[in-house]
Amino acid sequence: MAYQDGDVPNKQLREGTRADILLSGLPGDQLSHHEQWYLSKVFNGLDNACPEPLCEMPNFRSIATHEQVLLNNDLLYGQDVQRRAIPHLSWATVASRHSISDVHLDADGLGTVSHPLVGRKLWVILTLGDVSQDRASSDSEKEGNDLIPDPRNTDSYYRINSLSNLNLKGYTAEAILLGPGQTFYQRPNQLHWVYGVDPTIVYGRHFYASHALPDSLYGQVHTQLMGYSITNAAHAPVRLMLGDFMSWWLVSSKDDSSEDSETLPDLEDERGMETFIAMSNAVVFSWTLCCVDGEVPDPNDADGNARRIQNMVSYLALMKKYIGEGYGAMGEEEFREKPYDFFKHCNIHFAKAMLCYSEQLDFEDWEAGEGKGKGVPQTRMASQQLYEVIRRDLGRMWGPTDGALTLFDEWYMDEDGNFVAQFYPPVKPRWNAYRWDNVVPEAPEIPINAQLQPKNTKRGAGTDAEGSRAKRSRKKGLV
């Protein structure tokens, strides 16, 4: 891997072999005449296979909550080790001296643990400071500060671009020199730069942890929309695992004697609320988040479809459990009369955030093309296509009669089909403890709920079965 062009990350890549890496680390007197060119080359081999015994890390089991989720999947689906996507959760790097991994974050919202077997590597960890100071700066200063946008805070949408051109103003840098016998745990979405002080072999693992699930979801969004502009690897098969936390929570909540029963998020706690809402979005938008290079997941993937359905059923069951104890609110709007609408609005809010993010990227691609005569290469899908995929996800969960699609459509476009979506201020959800005097409100008529009803149950006719988008199309003579 040789650094060439920060604007086009793929230009840094050159194909080589592990034998090339070995030869580049030998002294000149051990190389033949025609091999002397290795002395001036730097090789960095990423994502090598790692034998499972080498993957055992200190304290890993107590941090990597996804291990419990995988065990639960074993019970539900009979998945074996290979189908657990273990190859995507362990890795090894082999690199020559002076190797560089440019500024990036690890893919798919995964936490990372690294352990050198041979040689030393230097990690430089970059942490963004208080963005409120940057918001108060002039427009010209904002233009030079390339922040990764945070879906939780739309005020941080300034400029995205490539991380190779990242303006370090506003970031705190920490240097960590890691050698054999030392272990480094890294949170999801942590920007970092890595330099090989010596020829190195480093092995490690990826994980999802309960205390950082919202951050892992935001990492999946970044990876989905920005791809190799911000990361140097991809592990798409693990993305569906975030939604599997919902099924694990449901199983744990039914076993009062188990320690796992205490893992269910507390909605009266701000972090617990954020965690549950984040995982509800991982469940509802599982097709959107699992797209790879602009392509939707395989609709014939029986295992994936079974997990998606199970996770939606679990989401519905846990909504009912929580609603039995209280109801939610967003901003000044309360949902005591229709408590399920609280969760629905949280899902719609996330859908809007993803489209806002995508539209910002589209604008920057257009701006780069207008100003430089070329656009930034992207493998992500265009915003209009993303809108369709998100809309289908929203419909799979909440159905065409619930009004979720109408709310989403009316935000996204006007009656003439023009894009009208605007950035909006973040709305913090909160939970109110409440004891229902009579019967807990019934779940709305949504697809999953209908599948769980007895066969002789008749569903009522909806008032908005088409959705507003179909109505507009018919009005324009398109259908």
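D393 is buried, its relative accessible area being 1% (buried means under 20% relative accessible area, exposed over 50%, and partly exposed in between, with a 1.4 Å probe and protein chains only). The structure is a predicted model, in which local features need pLDDT of at least 70 and side-chain atom pairs count only at pLDDT 80 or more, while totals for chains, interfaces and linings use all residues. Residues are numbered from 1 along each chain as its sequence is written, and side-chain values use heavy atoms, with hydrogens and water left out.

The side chain of D393 forms a salt bridge with that of R396 (3.0 Å, N to O); a salt bridge is a side-chain nitrogen of Lys or Arg within 4 Å of a carboxyl oxygen of Asp or Glu. Both residues belong to helix α12, where D393 and R396 are three residues apart, about one turn of the helix. Helices (H or I, at least four residues) and strands (E, at least two) are DSSP runs, numbered from the N terminus. R396 is partly exposed, at 34% relative accessibility.

Across the whole structure, 13 salt bridges are found. One of them pairs the side chains of R391 and D409 at 2.8 Å, N to O. This pair links distant parts of the chain, since R391 is in helix α12 (residues 383-398) and D409 is in helix α13 (residues 404-412), 18 residues apart. R391 and D409 are both buried. A further salt bridge connects the side chains of K344 and D341 (3.4 Å, N to O). K344 and D341 are separated by about one helical turn because they are three residues apart in helix α11 (residues 340-372). K344 is buried at a relative accessible area of 4%, and D341 is buried at 16%.

Three cavities of 30 Å³ or more are counted. On a 1 Å grid over the protein atoms alone, a cavity is a set of points where a 1.4 Å probe fits but cannot get out, and lining residues have an atom within 4 Å of a point. Grid points are joined across faces, edges and corners, and a volume is the space filled by probe spheres set on the points. The second largest cavity has a volume of about 40 Å³. Its lining consists of Q220, R239, L240, L242, G243, A282, S286, L289 and C290. Helices α7 (241-253) and α9 (286-289) each supply at least two residues of this lining.

Methods: On a 1 Å grid over the protein atoms alone, a cavity is a set of points where a 1.4 Å probe fits but cannot get out, and a pocket is an open set with protein on both sides within 12 Å along at least five of seven lines; lining residues have an atom within 4 Å of a point.
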